[in-house]
Amino acid sequence: MATNTAQDEDFARFWAEREVRVNGRGRKLLRHPAVGTIAVDFEVLLPLEDPELRLLVYRAADDESRAALHRLCGGDGCQEG
């Protein structure tokens, strides 16, 4: 890890001070070589009984992204929730 943090002094300082945190929810853009950009909304869930664990839930953010994910699954191998 020393080589990664040594490249960015600010990040190393934030990491050491525990100023790096996880956003509980948001939107990410993923770039896939076959289908292009996919927008996903995400939520991070922390179990009360074991806060060291994290469950990340990703959902397609729009119809275009949903269609791209469907194409990646071959059109019939995925279940939508």
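What share of the 81 residues in the protein chain is buried? In this predicted model, buried residues make up 12% of the chain. The secondary structure consists of 3 helices and 3 strands, arranged along the sequence as α-α-β-β-β-α.

**Surface and contacts**
- The protein chain exposes about 7,000 Å², and 50% of that area comes from carbon and sulfur atoms.
- Of the contacts between residues at least 6 apart in sequence, 15% link residues at least 24 apart.

**The sheet**
- The 3 strands form an open sheet in the order β1-β2-β3, and the pairing is antiparallel.
- β1 (25–32) and β3 (55–60) are the edge strands; each has a single partner strand, so one side of each lacks a neighbour in the sheet.
- On average, neighbouring strands of this sheet are turned by 35° against each other, with direction ignored.
- In general, strands of a sheet pair through backbone hydrogen bonds, in either a parallel or an antiparallel manner.

**The β1 and β2 pair**
- β2 covers residues 36–45, and its antiparallel pairing with β1 runs over 8 bridges.
- Across from L30 stands I38, which belongs to β2.

**Helix against sheet**
- Helix α3, made up of residues 63–72, packs on the sheet.
- Helix α3 touches β1, β2 and β3, and the direction of the helix makes about 100° with that of β2.

Terms used:
Residues numbered from 1 in each chain as written. Predicted model: local features only at pLDDT ≥ 70, side-chain atom pairs only at ≥ 80, totals over all residues. Heavy atoms only, no water. Helix = DSSP H or I, 4+ residues; strand = E, 2+ residues; numbered from the N terminus. Buried < 20%, exposed > 50% of the residue type's maximum accessible area, 1.4 Å probe, protein only. Contact = heavy atoms within 4.5 Å. Areas by Shrake-Rupley, 256 points an atom, 1.4 Å probe, with all protein chains shown as cover. Pairing = 2+ DSSP bridges. Axes fitted to C-alpha atoms, helices over the stretch in contact; angles between N-to-C directions.
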